[in-house]
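Please work through the following exercises with the sequence and the model at hand, and try each task before reading its solution.

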Amino acid sequence: MTARPFEREARTAPWSLRLALLPIPLLIVAVVMHRYGQIDTVPLFLLIAIAWALALAALVLGGLAMRRIWIDGVRGFAPALTGSLLAIAILAVPGLVVEEMVRLPRLADISTDLNDPPELAPSAQAAHPAPDVVSNDEQAKAYPDILSRHYPVSPARVYDAATALMTARGWTLSKAVPPDIESADASIEAVARTLVLALPADVALRIVADDDGSLVDMRSASRIGSHDLGDNARRIRAFFGDLDTALQGVTEPVEGDETDMPPLPPVSPRAR
């Protein structure tokens, strides 16, 4: 009976797969615990850094295993390849973060009105100093579509639609001042959170009555970090998109008549 020769395996191949599998539950647990307030932001980022370090180590071990397989013809191609691919997928996230940091300006406070941004809650003012001229120029260049919005409806209509949208988004309303007899203007202050990591951002909405409707300005400022990776601009853009939809086709009843007016004309951005 002929004995089969012993087939060697690249020792780093199985370790590449093991290390590549560890970051997945680690990231899931870290994100879930932070979202439900079980850990603070600093431990969250520490766990994310550990997960990325494990993925990087898995990629290095996978590369070493591939080299050994290519040169010596040993076994272990499947775990080395699987571990390397998982590591690349996990490391794609920090790669995208770096790309956004290079492509977008270093801003964490975005407003539709650069000269007179809506005021944030007093507790948030210290964390968000007024943007300087350079920051305003960078925002205008990077996000030219982030402008004031004008709606041909009363501030009360805009206020009701805005509060409903914020509530539907799960934002925490910290202060809401509806229009009343003394003042037709309104304002809303809220705390929003990012989709994945649930990082907080302070939001302020200002509604000012004018002769033919309401002028609306919005400000969004990240509490953590000096670079929002475009998150605040996306938040303002998405909110105004939904507010546009909510206020399209709204009808104003004619006083003394039970019929409605024709649908309103489309809303439009307006720069101050």
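**Exercise 1: a nonpolar patch**

In this predicted model, L21, I24, I28, V32 and Y36 make a nonpolar surface patch of about 490 Å². Determine which helix gives the largest share of the nonpolar patch, and classify V32 as buried, partly exposed or exposed.

Solution. The largest share of the patch, 3 residues, comes from helix 2, which spans residues 23–35. V32, one of the residues that make the patch, is found in helix 2. The relative accessible area of V32 is 41%, and since buried means under 20% and exposed means over 50%, V32 is therefore partly exposed.

**Exercise 2: the packing of two helices**

Helix 2 and helix 3 (residues 41–72) pack with their axes 9 Å apart. Find the angle at which they pack, and decide whether they are roughly parallel or roughly antiparallel to each other.

Solution. The angle between helix 2 and helix 3 is about 170°. Because angles over 145 degrees count as roughly antiparallel, helix 2 and helix 3 are roughly antiparallel to each other. On the side of helix 2, the contact is made by P23, L26, L27, A30, V31 and H34, while helix 3 contributes T41, L44, L47, I48, I50, A51, L54 and A55.

**Exercise 3: the surroundings of a serine**

Locate S16 among the helices, and state whether S16 is buried or exposed.

Solution. S16 lies in helix 1, which covers residues 12–21. With a relative accessible area of 0%, S16 is buried. Leaving aside residues up to four places away in sequence, S16 touches A58, L61, G62, A80, G83 and S84.

Conventions: Residues numbered from 1 in each chain as written. Predicted model: local features only at pLDDT ≥ 70, side-chain atom pairs only at ≥ 80, totals over all residues. Heavy atoms only, no water. Helix = DSSP H or I, 4+ residues; strand = E, 2+ residues; numbered from the N terminus. Buried < 20%, exposed > 50% of the residue type's maximum accessible area, 1.4 Å probe, protein only. Contact = heavy atoms within 4.5 Å. Patch = residues over 30% accessible without salt bridge, like charges linked within 9 Å, V, L, I, M, F, W, Y side chains within 5 Å. Areas by Shrake-Rupley, 256 points an atom, 1.4 Å probe, with all protein chains shown as cover. Salt bridge = Lys/Arg side-chain N within 4 Å of Asp/Glu carboxyl O. Axes fitted to C-alpha atoms, helices over the stretch in contact; angles between N-to-C directions. Parallel < 35°, antiparallel > 145°, perpendicular 65-115°, else oblique.
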